[in-house]
Amino acid sequence: MHVVVCVKQIPDPSLAGRLDPETRCLVREGVEVVLDPGDEVGVEAALRVAEATSGEVTVVSMGPEKGLDAIRKALAMGAHRAVLVSDPRLRGSDALATARVLAAAILPRHPDLVIAGTESTDGYTGTVPAAIAELLDWPALTFAKAITVEDATVRIQRQTEVGHDIVEAPLPAVVTVTGGANQPRYPSLRGIMAARAKPVDRPGLEELGIDPATVGLAGANQQVVAVAPAPERAAGAIVTDDGSGGRRIVDYLAELKVI
Amino acid sequence: MARIWVYGECVAGAAAPVALELLTHLRTLGDTVEAVVLDPDGASITATLGAHGAERVYLGTDQAYRDRLAQPAADTLSALIEEHRPDLVVFGATYDARDVCGRVSARTGSTVVANGTGLRRDGEQFVVESAIFGATVQVQTRVAGGSPCVLIRPRSFAAEAGPARAPAVTLVASAIRPEHQRARRLESVSATQSGPKLEDAAIVISGGRGLQDPANFQLLERIAELVRGAVGASRAVVDAGWAPYARQVGQTGKTVKPTVYIACGISGAMQHTVGMKAAAHIVAINTDPDAPIFKLADLGVVGDTLTVLPAMIQELERRDG
């Protein structure tokens, strides 16, 4: 089975993000980029499906050239090859343009299954996988906590507001995974060495049939018009527990008349 | 005057709370507000939607809207958008609506702004307010072009019914393509829960890694029982399997606005704080005095949750008894 996994390189989520005051785009220069932790779960899910079916995994990503490091991590985990669409004209693309580019990169590879994280850890839009599925005209099973693939059917436990649903679709399909769907493996030393030799295809926008006018800041029908720090909460009382901490909290609840 | 559409999600025969919140807010903007309801039980919620501000409800009741995922609803909603060209299509950020929104965006070529917490007019256009970087930065995004799609986080507005008013109801034919019925819902499993719902509780007490062991969630359960509150959890412990997803508070979980939020052994990662920082009062217990959660806390106790929580229980039981 051929599995495509979509990944994103994001600024290290443990560091505070910054917006460029001029362009109001996320500052990606001079910031360490990593494979989105949510996508590590996607890569792991893709590898497990491929391993169970003697299949292969192709990593597909869109982003600046230095995102290659993030892709190498996915390759080191065991993916077989990668496709990186990198073009300065893509800077500032909205979720729809991102989905158009990824769908165009996925289609000629004819996968049986496309896996993605539920949402990125930097942007959190969360509509790219559904938009990819729509552009491919495939069903999508989203918010997977667990995935099984049997014959030509994929079935998942889909997270809901109150528990989970069991949902299934015939392949080909798009599946998105939640953070807890699995425990991603660490790349082995051998995997890291092997990743260097794995092929990374870099199709251009024209090759993908993408009209540059429909992507990037120019193609986005949205514009950030203002950025401001969120109002901070007034500083509270911080006490060190000397055995009275529990009572102190109960006093506070009584003061607020909620108990 | 613009025409704004709200995707009126119907959950188990009732209007999704977020749909009522959106209508309540949008009816103040002075535009024409209409709802689209695609659900076999949709007819039962049109009056409620009308009372909250929908002047018209486009209603489709095909069984596939419930039994199949996203595609049938996206088919009909996209066809309706192309026919009526609303100026804005607003969705509540629920699991199902997010999928429908992503598909409709791709089908109609409309942009999407997600994670909205506010929405206002700016001349002829609309501006979406959202919070990024874990709600430390507020961003205003102007949308344009066709029928832009906006996803608004639940609890961004308070729902309030206006004068009872019967909306015009327009029955809409199904535009579902047969090949779009392939993703099927086979079974729904609800996690059992006692006490008030996480979203409705006046007191929410949440646990994180600092609880050290899943068994210690019992301390939170006991306190919730004593104060008639609900138990929440951070993503870290939900991902670790200590608590079910339905308990998760944060970016990928629920947004709560209780009177008091008590964070126990939660460091205060942005992923979490975005879901709770709108609480009226915040209490934090953490061993690390530099934990970011203390920046939000009205009352912070630097100490071990495994000492402080049993002391709380003892005090609550004493007052109860």
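In the predicted model, six strands form an open sheet in the order β13(A)-β17(B)-β16(B)-β15(B)-β13(B)-β14(B), with parallel pairing. From one strand to the next, the twist averages 15°.

The pairing between the two chains within this sheet joins strand β13 (residues 237-240) of chain A to strand β17 (residues 299-302) of chain B, in the parallel sense and over four bridges. Along this pairing, A:Ala237 stands opposite B:Leu299, and A:Ile238 has B:Gly300 as its bridge partner. Strand β17 of chain B is also joined to strand β16 (residues 281-286) of chain B, again by four bridges and with the two strands running parallel; here the bridge partner of B:Ile285 is B:Val301 in β17(B). In a regular strand the side chains alternate between the two faces of the sheet. Helix α6 (residues 217-227) of chain B lies across β13 (203-207), β14 and β15 (260-264) of chain B, and runs at about 175° to β13(B).

A further pairing between the chains is antiparallel, with seven bridges joining strand β12 (residues 222-229) of chain A to strand β9 (residues 137-143) of chain B. Within this pairing, A:Gln223 has B:Arg142 in β9(B) as its bridge partner.

Taken as a whole, the contact between the chains draws on 75 residues from chain B and 63 residues from chain A. On the side of chain B that touches chain A, the largest share, nine residues, is contributed by helix α5 (residues 95-108) of chain B, and the residues of that side divide into 41 nonpolar, 21 polar and 13 charged.

Helix α5 of chain B contains B:Asp99, a residue that counts as buried because 28 C-beta neighbours lie inside 10 Å. When neighbours within four places in sequence are left aside, the contacts of B:Asp99 are with A:Ala130, A:Ala140 and A:Thr142 in chain A, and with B:Leu69 and B:Ala70 in chain B. B:Asp99 and B:Gln71, which are 28 residues apart in sequence, are separated by 8.6 Å in space from C-alpha to C-alpha.

Burial is also found along helix α1 (residues 17-26) of chain B, where eight of the 10 residues are buried, so that the helix is largely enclosed by the rest of the structure. The buried residues of α1(B) are B:Val18, B:Ala19, B:Leu20, B:Glu21, B:Leu22, B:Leu23, B:His25 and B:Leu26. An α-helix has 3.6 residues a turn, so residues three or four places apart point the same way.

With regard to domains, chain B is divided into domain 1 (3-180) and domain 2 (203-320), whose C-alpha centres lie 33 Å apart. The contact between them takes seven residues from domain 1 of chain B and seven residues from domain 2 of chain B. On the side of domain 1 of chain B that touches domain 2 of chain B, four residues are nonpolar, one is polar and two are charged.

Methods
Residues are numbered from 1 along each chain as its sequence is written. Chains are lettered from A and ligands numbered from 1 in the order in which they are written. This is a predicted model: local features need pLDDT of at least 70, side-chain atom pairs count only at pLDDT 80 or more; totals for chains, interfaces and linings use all residues. Two residues are in contact if their C-beta atoms, placed from the backbone, lie within 7 Å. Ala, Val, Leu, Ile, Met, Phe, Trp, Tyr, Cys and Pro count as nonpolar, Asp, Glu, Lys and Arg as charged, and the others, Gly among them, as polar. Two strands pair if DSSP finds at least two bridges between them. A residue is buried if 20 or more other C-beta atoms lie within 10 Å of its own, exposed if 12 or fewer, and partly exposed in between; C-beta atoms are placed from the backbone. Domain bounds come from an automatic or database domain assignment. Axes are lines fitted to C-alpha atoms, for helices over the stretch in contact, and angles run from 0 to 180 degrees between N-to-C directions.
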